Amino acid sequence: MKKFIIAITVALVAFSSCRSLKEEWDPVFTFGENQPPVEKLKNESDLGEYGFSGTWTSIHDLKAMYKNTPLEITSNIWIKGQVTSSDVSGNIYREMYIQDETGGIDLKIGKSSLYSEYKLGQWIYVKCTDLTLGAYNGMPQLGLVADDTSTNEYDTSYIDSQAIIDGHVFKGAYADPVAPVVVDENALKTALSKGFTGELWGKLVTVKGLKYGDEIFALVYPNPNMSHKSTNPENRVFLSDSGTWSINTWGLTKQGYVSLVESGALDKAEVGSGNTRYGPITGRPIDYLTDGKVLNSFGTDAMLTYKEIMVKYATANYVSHYFRIGSTDIQVRTSGYVKFADQVLSTAITSQGKTCDITGILTVYSGAAQFTLVDEPSVSVKVN
Amino acid sequence: MYKKLLLIFAALLTTLTLMFAQDYSGGVKGVVVNRNGRQPVEKARLVLYQGASQVAVAESAEDGTFMIPNLDNGMYTLVIEAPDFLENKVQVTVNDGYVKNMFNLSLTAVQQVTELDDDSFAAFDLDDSGYNDNPTILFGSNDVFNNIAGYNFSAVRFRARGYTSESQDVYLAGVKLNDAITGYSPYSLWSGLNEAMRSKETVNGAEVSDYGLGGYNGLTNIFGNASNVRKGLRGSVLTNSTLYRLRVMASYATGMMDNGWALAANVSARLGGNDWIDGVYYRSFAYYLAADKVFDRSNKLSMVFFATPGERGAQNASTQEVYDLMKDNMYNSNWGYQNGEVRNSRVRKTHEPVAILKYDFTPSDRFQASATLLYRFGKNGYTALDWYDAQDPRPDYYRNLPSYFYDSNTDLNRANFMKWGWANEVWTHSKDYPNLTHINWDRLYNVNRLQEGGRSKYVQEERHVDQNDVNFAGTFKWRAKEWVTLTGGLTARYNATEYYKTVADLLGGEYFVDIDNFAEREYASQPWKIQNDLDYFINNGNARVLRKGDKYGYDYLAHYRNVGGWINGKFTAGNFSANVGGRIGYEGFWRQGLIRKGLFPGYPEDDAMAAKWQAAGVEYAKPGTRTETSFGNSEKAQFLTYAAKLGLNYVIGGNQRVYANVGYFNDAPKFNQVFLSPRTRNTMVDNLTTVKTFASDINWQYSGNGINVRATAYFATIRDQSKVMSAYDDLQNAFSNFAISGIDQRNMGVELGFKIPTYIVDGLSVQGVLAWGNNVYTSTPRMTQTVDNSAEKVMDNVLLPYWKSTITSEGLVQRHHVPSTPELATSLGLSYNINYWFIDADVEYFDNAWLDMNPLYRTDYAVAGPDNVITDTELLYMTTQEKFAPAWLVNFSVGKSWFIKYKYQLGFSLNAKNVLNNRNVKTGGYEQTRIIDNTVSKERYYRFDPKYFYMSGFNYMLNIYFRF
C-alpha cells in the first residue's frame, strides 16, 4: 500500500505543478495597493526607436504636399505641434487639432474623449508615414487611407485603430495652452484666397467684431435611420434662406428639436432638395405603386405627416449660425450633442445688434470660413 | 444384539442430526455501515447467492444489523445494495453450521466520487447581457439517472427537462432558500462546505417531498445540522484544473454524544487559478459551526452558522471572431496585467452568513414536527469597470476588432484593409500586444492621473445585492393510520434586498462624481436632470463627490413578502399508493427607491421641497397625474399563488414500481422579471400576471439483483412567463431594457437511466443515461423597450411575431427552442467496483442545444429594417435561432481507499473529464441586443455577432482525503 500512497502523492504534486512553470501560481491582483507606473512622455530623443530621423516637417509644408487628391505618405515624414482643441464639450468629436507656428491641421484620431488623454498645449509628435493627407471640402486633414466603399465621400478615414495610434501619435511634454491668433477681415480674406494652404485653417483663432447674420443653416432628416443621401431627397429638409426658423440655441438637442417641430416654427419648411420638392412638412409622404402594392418611402409610417415622422424619429441636429465681419460671412457650426447645444444665443447679439469676439478652431468649408467653438459660449463668445 | 446396537446408533444419529439441524444451522450476520464514519446504513438490501442461484434476501435494520439464518455449509456471495452507495460484494463461507459474523460491512457513498456543488460551474459574467445561465445541479440521491447525469452532464450546463434552475427547489434545514428576488438556486452560499452539506434528500420532477410540496423540477433538502455531519476528523486536499488549483478542507463532528450534544465544524479554502481560463481565480474560504442538542426523546434543537467569504474572478463571453483570432475559445476579456499581476475587472466578493435555528419535536413514532428560523445577511458584491466620458476600456469592444474595419458584405460599409490588417495583426499576435488584447490597466490609471483635480475617468465599481432574508418553515409528518400519512407545513418569508453600488477603486484618481453620464449627453444643460441623487444636489448645489467606498449611481430595496401553507396526504393500499397535495400562499413585492434620481423625480413631498425644486428648475408632474418616480415605494405587486399535485404509485413484485405525477402551479413572477428598469425607477411591466404551469410525468423503475433502471416520460406547459433583460446599448448610449411578457413554452421528453451488471466480470456494470427533450416556445409574446436615461418607451408593447418560430423561404416553420441546455444528452459507460476500487469510463453525446434569443431580433422593426419592407432573406437572417454543433465527450474516473491500522482511512478519487480534449463545445451564450443600422442600402438591419461560452478541454480533479 505504501506504493499507492507514494504514487498518489507524486500524482498530486505532478498535477498541481504541471502548469506552475507557466502561470499556475501567477500573482493575482486582489485589491491591494500596487499602482502601475506613471506614463513616460516622449521627448525627441525617444522617437528614434520609432524611426524618427531628426528632421521635422512643418505643418505648412506638409499641407503643401496635397495636390487635390489624397496623398498616402510613404516617406519618413514627422510633424510636431501643440494641441489646440478639446472635445470636452463634444463640439469637436473624434478628431484633434494641432498647430505649429506655420499652421494647424485636423488630426483624425477616431476616438472619443481625447481631452482625457491629450491636454491643451501638450506637444504631439506625429509619424506621418502610412498616414494619408486629404481634405474635406477644402479643409486639410491627416488620417488614414479612405474606406474603399461605393459611398465614401472622404479623402481620409479615421485613425481609430489603437495600434496605429500607438505607432504614429506620440505624446510629448505638457506646455501652456496656445494663445489664439487674433484675426481681422483682411487676414480672413487672405486665408480664403489661399484655399487649402491658408495658414489659419485648423488654428485656434479669435475673430473680433463679429455681427450676427440673422440666418441659420441646418439639414434635418425626417427619419434619420433612412438614407441621408441626396438621392433620397424625400428624407431631407433644408432649413436655410429664410432667417433663423426661430432657432435661437447654438445647436438642436433632441428635446429642442422636438419642441421646435411641435411649435409649428418649421411648418413652412419644404421636404426635398434641388428641383425635387415634396411640399411642406405638414404634408404626407407620397404613395407609389410597386408590384401591385401601394408603398411609400416611409413604409409603415406612411399614414403620418412628415412633421409627425420628424417627431417620432427625432434626434439631435447641427445648426450653423451666420456671423459677419465686414462683408465676410463666418458660420458658427454647433452639434446638437454638444453640452451647450441648448444654450440660447445672447439677445445682445441676436436682437440688440451688438458685436462679439468669437474664439474657436477656424476651418474652411467649400470656400467659406467656419468656426467650431472649442469651449462653451460663456468662454468662447465675448459680447462687446 | 448387533441389530439392536445398529438401531440405537441410527436412532441417536437421526436424533442428533435433527437436533443439530434445528439448533445449529449456519448463517450470516453483521452490520452494514457507511465506509465514511462507520455510521449504520439502514434498509440496505442484502442478497445472498450460491453460485448463480439466489438463496436469500434480507434488509438491514435501523442500526444497520442484519441476519440471514438457516444456511447450509458452503461458499456464498453476499451482494449489498443501498441508495446513495456503491454496490459491494463479499465472499462468505459457512462452516460447521455456525452463524458467520461479518461484523462491519462497509459501503462507499456515491457522492464520494463526485464533488458536485456550485464550484462545478465557472462563474459566467452575464450581468451586462441581461441573460442568466444558472445550471441545474442534479444530485445523486436514490436515482440512477441523477447519479450519472448529475456529474457527467454538469460540464455542458445540462438543465434537467429543459427547466430553468429557478424551478428547482432547494431547501436548507427544511427552508426553501431559492433567491427571493430572482428565484435562482442558492448553492453558492455553501460552496466549499461539502462535508457539512453532504446529507441531503432529493425528489425528482413533480414528486412531493417531506419538506415541501415542491414544484415541477424536483426538490432537494440539505439537512445541514451537526448530527448529520459524518463523525470524526477529516481532511482532504483537492486540485482541479478548471476552476481553482487547490482546495483544502477539514471537518470534525462528534456525532451524537451521550450527553445529548452533537457538535460539528467544517472549514475550507479554495485558492489559485486554473489551466484554462486566465483571470479566473479563487480566494475563497468557508466556515461552518453547528450544534445539536437532544433534550429527550421528543425534543431536539439545532443551531447552525456558516458562510463562505471570499472572492472569485469571473469569465466573460466573447464573439467567435475574437476566439478565432486568439485561437482560444477560453479567452477571457475581463482581465489585464497590472504591474505584472493578473487583474480581473469582474470579481465577485461575498460574505453572506446564514444562521439557522431549528427545533424538532417527535412525541411519538407516528408524529414528528419541526420549526426552522433561518436568517441570511451580509454582503454580495460584483465588481465592474465604470467610466465617465472616456473610451470604452473593454479590449474586445467591437470597434477594436478586424470585422469593424472590413467585411465582405459591401452593405455594411466596412472596407478599409489597412485598418483591418492592423487590427488583425494585434489580435493574432496577442502576446506582442497585451495592452490591446487585455484590459490596459496602466492606461486607465494614467488617464485618471491626468485629470485636473484628480477626477477619475475610470473607476472600478462594486455592484451590491445585499440580502436581509428571514425565513420561517414549520413542517409536520403524521402517520394517522397505517394507510395514511399526512405531511404539511407553514412558511413565511421577509426579504429586503438592497441593490446599490459603491466605488471600489478610484484607479489612481482622487474622486468620482455621482452623475448619470448617459443622461448628461441628452440633458447637459439641465444639471438637475443628470443627478443620481437629486436631493443631495438641491441641498448642496453640486453633485456628490465620491471617494472610495461611497455609494453612488443607484440604491433601492427590493422588498419581498411571502406566507403560505401546504399539505399532502399519502394513502397506501397494498402495493398501491397515492398522494394528493396542495399549497396556497400570498406573495408580494415592491421597489423602494432610496435615492431620488433627477430623470425621475416624482412629486415633491411638501411645499418646502416644491419651492426648492422650482428654484432649481426641476420639472415635475402635478400631483395626481401619473409619473415615473425613482424615490419611495412603488406599487405593490401582489399575487395569490397555489398549486395542486396528484401522485400514483404501484409496486410490482418488490423490485419494480410504476408511478406518475401530475401537478398544476400558479406561481408569482419574480421581482427581477417585472420591473422595467429597477436601477432607475419604480415602473413595472403592464398586465402583470402569474405563471401557470402544468406538469406531468410517468415513470417505471426497477431496482434489484444489482440492476437499477428508471425510465420517465414527461410533459409540461408553462404559460405567461415574463422576463426583463437589460443590456448596454452603445447606439442608444444607455442601458436599454427589454421587458417581455406572455412567454409560453412546452417541454416534453423522456429520461432513461440504467446500471446493469455485466455478469461476465465480477463488479463490472454497464451504465448509461438518455435524456431527450423537445422544449419549444409556443406563444407570441409582447415587448416593451425602455432606456435608463429616458421615460420614453422606445417600443411599447409590440408583438414578437418571430419569437416562437421562423418561417423559411420555402414556407417551412422552424420552431424556436428553450435555450441553454442540450435537448439530447446521452451517456454510456462501464463501471467497475471491487475491493474498494471504483473505475468509471463514459462516452457522452450532446445535441440540440440552442442559443438564448434576443427579443429585439424577433420584432417586425428589426426584420423590416429602415425601408420597412420585410423580405424572406431578412426574415430568415434576423429571426433564426442558432443551434449548437453536437459534441462527443469521454470521461474517466478512478478511486480507491485504504484503511491503515484499522483506524485511519486514506483514499483518493481522480476524475478526468473531456479526455478527448474537445475544445469546441459551446455551453451557452447569448445574442447581443443590438443591431447594425449603418448600412449602405438603408434597406435592412444586421445582427451583432453573438457571444459564447465554451467548455474547457481536458481537465481533471484529484481529491485525496484522510479520515480518522
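pLDDT is the predictor's confidence in each residue, from 0 to 100. The model treated in these exercises is a predicted one.

**Confidence**

Task: Find the stretches of chain B in which the pLDDT is below 50, and state how many contacts the model has for residues 111–116 of chain B.

Solution: Begin with the chain as a whole, where the mean pLDDT of chain B is 89 and 92% of its residues reach 70 or more. Then go to the elements, among which helix α1 (residues 2–23) of chain B has the lowest mean pLDDT, 45, while strand β30 (residues 545–546) of chain B has the highest, 98. The pLDDT is below 50 over residues 8–24 of chain B, a stretch that has two contacts in the model beyond near neighbours in sequence. Residues 111–116 of chain B also stay under 50, and for them the model has 19 contacts beyond four places in sequence. For the complex, finally, the predictor gives an ipTM of 0.90 and a pTM of 0.88.

Task: Describe the side of chain A that touches chain B, by element and by residue class.

Solution: The first step is the extent of the contact, in which 52 residues of chain A meet 61 residues of chain B. On the side of chain A, the elements that give two or more residues are α1 (2–17), β7 (139–145) and α3 (162–168) of chain A, and of these α1(A) gives the most, with seven residues. Sorted by class, this side of chain A has 21 nonpolar, 18 polar and 13 charged residues.

**The domains of chain A**

Task: Which element gives the most to the side of domain 1 of chain A that touches domain 2 of chain A?

Solution: Take the bounds first: domain 1 of chain A covers 44–171 and domain 2 covers 181–383, and their C-alpha centres lie 27 Å apart. Across the boundary, 24 residues of domain 1 of chain A are in contact with 25 residues of domain 2 of chain A. On the domain 1 side, at least two residues each come from α2 (59–64), β3 (96–100), β4 (103–107) and β7 of chain A, and β4(A) gives the most, with four. By class, that side has nine nonpolar, 13 polar and two charged residues.

**The overall form of chain B**

Task: Compare the radius of gyration of chain B with what the globule rule gives for 964 residues.

Solution: Chain B has 11 helices and 52 strands. Its radius of gyration is 32 Å, close to the 30 Å of the globule rule for 964 residues, so chain B is as compact as a globular protein of that length. Along the principal axes, the C-alpha trace of chain B spans about 135 × 65 × 60 Å. As for burial, 52% of the 964 residues of chain B count as buried.

**Strand pairing in chain B**

Solution: The open sheet has three strands in the order β20-β51-β48 of chain B, paired antiparallel. Its edges are β20 (318–319) and β48 (922–926) of chain B, each of which has a single partner strand, so one side of each is left without a neighbour in the sheet. The pairing of β20(B) with β51 (residues 947–950) of chain B is made over two bridges, and B:Thr319 has B:Lys947 in β51(B) as its bridge partner.

Turning to β39(B), 13 bridges join β38 (residues 734–757) to β39 (residues 764–777) of chain B, and the two strands run antiparallel; B:Pro757 stands opposite B:Ser765. The two form a hairpin with six residues between them, and B:Tyr759 in the turn has a positive phi of about 65°. Nine bridges join β39(B) to β44 (residues 824–834) of chain B, again antiparallel, with B:Leu770 opposite B:Thr826.

Solution: B:Glu628 is found in the loop between α9 and β33 (632–633) of chain B. Beyond its neighbours within four places in sequence, B:Glu628 is in contact with B:Phe600, B:Arg681, B:Thr683 and B:Ala791.

Conventions: Residues are numbered from 1 along each chain as its sequence is written. Chains are lettered from A and ligands numbered from 1 in the order in which they are written. This is a predicted model: local features need pLDDT of at least 70, side-chain atom pairs count only at pLDDT 80 or more; totals for chains, interfaces and linings use all residues. Two residues are in contact if their C-beta atoms, placed from the backbone, lie within 7 Å. Ala, Val, Leu, Ile, Met, Phe, Trp, Tyr, Cys and Pro count as nonpolar, Asp, Glu, Lys and Arg as charged, and the others, Gly among them, as polar. The radius of gyration is taken over C-alpha atoms; the globule rule is 2.2 Å times the number of residues to the power 0.38. A residue is buried if 20 or more other C-beta atoms lie within 10 Å of its own, exposed if 12 or fewer, and partly exposed in between; C-beta atoms are placed from the backbone. Two strands pair if DSSP finds at least two bridges between them. Domain bounds come from an automatic or database domain assignment.
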